[in-house]
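Q: Hi, I'm new to this one. Could you walk me through how some of its helices pack?
A: Happy to, here it is.

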Amino acid sequence: MNYQIVKEFPHPMMEKGKRPVISIYVDTHIKKPDRLENPIRFKNLVKEAQASLKEKEFKGFKDLFSLFKEMEEDALFWEGATESMAILGDEDECIVYKLPVNVKSLAIVSDSFYIKPLLRSFQSNGHYHVLGLNRDNFVLFEADRYGITEIPVDASDATMEGVLGTEKTAPHLSVASIGGDQSMYHGHGGAKDERKVDQEKFFRHVDTFVLEQYSKKQKIPLILVSPDEHQGEFRKLSKNNFLIDEGIKIDGDSLDKKSLYVKVQDVMQERFKKELKDRMAAFSEAHAKDLGSDDVIQIGRAIVEGKVASLYLEENTVHPGRFDPQLGTVMQGEIADPRVGDVYDDMAEVVLSRGGEVLILSKDEMPTERELAAVYRY
């Protein structure tokens, strides 16, 4: 058995239905000498997982535990550690997520994978496009939690010269008689006006190109990076609904890729914070109208009825037990039991499977004093 480092979430392995499964989260150190503790932390968590398995089940995980031992002793594996790792496995397969956020170290053996920390990581460090726009050229990037990558675009689409070519606007001349055989030529539209017309043509091309070739297909936010004077001009003519209001008013050519990535990450984080503020207000309004709740029993029933549009869960909380997706009931349990997982995690999986969304929030971000809350569809 080998492990696979993945970026896809949710991963097909999560849908296999194998039971039980093992979820290990390691809050890793990334700097020496502390990072030398990472394999030790992992080893101790593996022991916790082993202790949760019954003897018969343990035999089925023999290959996985052998793989865990190899991972523990693999210096290269830990050399590339990020802020944290999620290691998920069943009897046949093992996947690893290298996460850019800190998580609480834990090991859980249950009937389904523990996914709340993954939800937390993926929701706040999403996938988006970055458009670096100048007067006569543009560059397009794709970015996510792992970094930023330039998307190759042919010069025929990425530059004004390539797009307009011989169609650049020429000054228009008219002739007026001044008596006799003499004529005077009047220029309508100087060089400045020509540039403005060409720039608008080019900007319209850029907007259409990015919308049709990328935004419509991937349906992810687009961040505009351009000098201040181009921000308003481009937004006036843009028809791209994925272009977000928050832009970066700077010439992208003045930034290296690392600096650009930091700036666009800041934009997305601020956008997420604003969205959370709006959601807290929306929950308060919904709760007042009985269209939302922070009661686990009521929310359980609403999940079964398919009414939950948004489920909010407090991070780093584990409520041992099981959630019955057919009856909507909660059964208490002990986390050491391999058939017991996290009630809230079970709820999250059902909500996602029925088209709802799940957000994992800090205690301060939660719209209520309790560890869970929900807004209903109707």
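A: A quick term before we start: angles under 35 degrees count as roughly parallel, and angles over 145 as roughly antiparallel. Also keep in mind that this is a predicted model.
Q: Got it. At what angle do the axes of α11 and α12 cross?
A: Roughly 30 degrees. Helix α11 covers residues 296-304, helix α12 covers residues 343-353, and their axes come within 10 Å. The two helices are therefore roughly parallel to each other.
Q: And is that crossing left-handed or right-handed?
A: For α11 and α12 the crossing is left-handed.
Q: Which residues make the contact?
A: From α11 you have Val296, Gly300 and Ile303, and from α12 there are Tyr344, Met347, Val350 and Val351.
Q: How many of those are nonpolar, polar or charged?
A: In the contact of α11 with α12, six are nonpolar, one is polar and none is charged.
Q: Nice. Changing topic, how far apart are the axes of α1 and α3?
A: They are 10 Å apart. Helix α1 (residues 38-52) packs against helix α3 (residues 62-73) at an angle of about 165 degrees, so α1 and α3 are roughly antiparallel to each other.
Q: What about the handedness of the α1 and α3 crossing, left-handed or right-handed?
A: The crossing of α1 and α3 is left-handed.
Q: Who's touching whom there, and which residues of α1 and α3 make the contact?
A: Pro39, Phe42, Lys43, Val46 and Gln50 of α1 meet Phe65, Phe68, Met71 and Glu72 of α3. The residues of this contact divide into six nonpolar, one polar and two charged.

Technical notes:
Residues are numbered from 1 along each chain as its sequence is written. This is a predicted model: local features need pLDDT of at least 70, side-chain atom pairs count only at pLDDT 80 or more; totals for chains, interfaces and linings use all residues. Side-chain values use heavy atoms; hydrogens and water are left out. Axes are lines fitted to C-alpha atoms, for helices over the stretch in contact, and angles run from 0 to 180 degrees between N-to-C directions. Helices (H or I, at least four residues) and strands (E, at least two) are DSSP runs, numbered from the N terminus. Angles under 35 degrees count as roughly parallel, over 145 as roughly antiparallel, 65 to 115 as roughly perpendicular and the rest as oblique. A crossing is left-handed if the near helix is turned anticlockwise from the far one by less than a right angle, and right-handed if clockwise. Contact means heavy atoms within 4.5 Å. Ala, Val, Leu, Ile, Met, Phe, Trp, Tyr, Cys and Pro count as nonpolar, Asp, Glu, Lys and Arg as charged, and the others, Gly among them, as polar.
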